[in-house]
Amino acid sequence: MKVAIVGASGAVGQEFLRVLAERDFPIDELLLFGSSRSAGSTYTFKGKECTVKELQDNDDFKGVDIAFTSAGAGTSKKFEKTITRYGAVMIDNSSAFRMDDDVPLVVPEVNGKDAEVRPRNVIANPNCTTIQMVVALNAIEKLSHIKRVHVSTYQAASGAGAAAMDELVEQYAQLQRGEAPTINKFYYQLAYNLIPQVDVATENLYTKEEMKMFNETRKIMHSDVKTSATCVRVPVMRAHSETIWVETERPISVEEAREAFATSQGVVLMDDLENKVYPMPLDIAGKDPVYVGRIRKDLACDNGLVFWTVSDQIRKGAALNAVQIAEYLIKNNAL
């Protein structure tokens, strides 16, 4: 198995290296690619040193079976044909192809089979907030069709990259020293603050991040579900949280929901309010599943449920989900 990582020096690229090693993914040869700026950097994978090559339009992907790409939508679009030319399956972590009709958008626990039909040999990894949400929604959908979803996200600094995490740490230090905080990666100071905007605004006054949750959820779940999202950046280092309200066709009891979450693939139930047991980003960072807690009936909707989820968006929301797609392809002889 010959595997390539494009964007190896970024936060997700580095997570790819960790996840592939931890899961003992079958790799005979590993190639790392990046920009001219990161070319020449070296990283260790399973005791072997790998050097990052500059991504170019050439024959470097000849013989590659799977290419994990996380270098931004522009780079993915520019180099799609270069990467897939000789048969490599491109599992792309950017927004470049997610809503293309001929590119499957896959969360293995929900719609893994979609990965088997890929006319362009490209599979898209969904947005991190969508992945987290649909893994949880899938448990409820099996009980009763979900008609509507309202979701409020609480998105960690790491969702904006490694430099954003550094900026949050720097802001706290600067404020402690009485200095004006550096603001480059966020719209405003994030330290001691919340920013109710993630990504740019669209014509309907929702942001692109919020519209991703609407559109991607329908595509992944093959559903007419309508999702209304408010995405908020919070001063947390790593792991996104979401409060999710669902309206189903029939009433779902709290007990039914708990059982569904407890037995659903990729979900861990942490739901004991009396004993203060619920998922929090501080505890969930670095872990693989989607954690669910605070399950209760929606007091404003007879067929409604409310619950809380936390998941590490660099792992399940990015690198891990992509690796799980590749594992699905190998297990089902679908490469």
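Start by selecting Y192, which counts as exposed because its relative accessibility is 59%. You are looking at a predicted model, so keep that in mind as you click along.

Stop 1: How exposed is Y172? Its relative accessibility is 27%, so Y172 counts as partly exposed. Searching the whole structure turns up 6 aromatic pairs.

**Stop 2: an aromatic cluster.** Now select F16, F25 and F68, which together form one aromatic cluster.

**Stop 3: strand β5 and its neighbours.** Colour residues 66–69, which make up strand β5. I66 and F68 point one way from the strand, A67 and T69 point the other way, and all are buried.

Next, show residues 2–6, strand β1, which runs parallel to β5 and is joined to it by 4 bridges. Within this pairing, I5 stands opposite F68. Then bring in strand β6 (residues 89–92), which also runs parallel to β5, again with 4 bridges. Here A67 has M90 as its bridge partner.

The strands β1 and β2 run parallel, joined by 5 bridges, and A4 has L31 of β2 as its bridge partner.

**Stop 4: the annotated domain.** Select residues 2–118. An unreviewed UniProt entry lists this span as "domain: Semialdehyde dehydrogenase NAD-binding". The span is 24% helix and 26% strand, and its end C-alpha atoms lie 20 Å apart.

**Stop 5: R98.** Pick out R98, in the loop between β6 and α3 (108–111). The unreviewed UniProt entry gives R98 the annotation "binding site". Is R98 buried or exposed? With a relative accessible area of 6%, R98 is buried, because the cut-off for buried is under 20%.

**Stop 6: the second largest pocket.** Select S95, M99, K208, K212 and E216. Of the 13 residues that line the second largest pocket, these are the closest to its centre. The pocket holds about 210 Å³ of space. Which element gives the largest share of the lining? That is helix α6 (residues 208–221), with 5 residues. Colour the lining by class and you will find 6 charged, 4 nonpolar and 3 polar residues.

**Stop 7: I252.** Finish in the loop between β10 (240–248) and α7 (254–262), where you will find I252. Its relative accessible area is 1%, so I252 is buried. To end the tour, draw a distance line from the C-alpha atom of I252 to that of P281: the two residues are 29 apart along the chain, and these atoms are separated by 27 Å.

Definitions and conventions:
Residues numbered from 1 in each chain as written. Predicted model: local features only at pLDDT ≥ 70, side-chain atom pairs only at ≥ 80, totals over all residues. Heavy atoms only, no water. 1 Å grid on protein atoms, 1.4 Å probe; cavity = no way out; pocket = protein on both sides within 12 Å on 5 of 7 lines; lining within 4 Å. Points joined across faces, edges and corners; volume = space filled by probe spheres on them. Helix = DSSP H or I, 4+ residues; strand = E, 2+ residues; numbered from the N terminus. Nonpolar A, V, L, I, M, F, W, Y, C, P; charged D, E, K, R; others polar. UniProt positions renumbered as here; feature names shortened; annotations may be inferred. Phe/Tyr/Trp six-rings, centres within 6.5 Å; stacked < 30°, edge-to-face > 60°. Buried < 20%, exposed > 50% of the residue type's maximum accessible area, 1.4 Å probe, protein only. Pairing = 2+ DSSP bridges.
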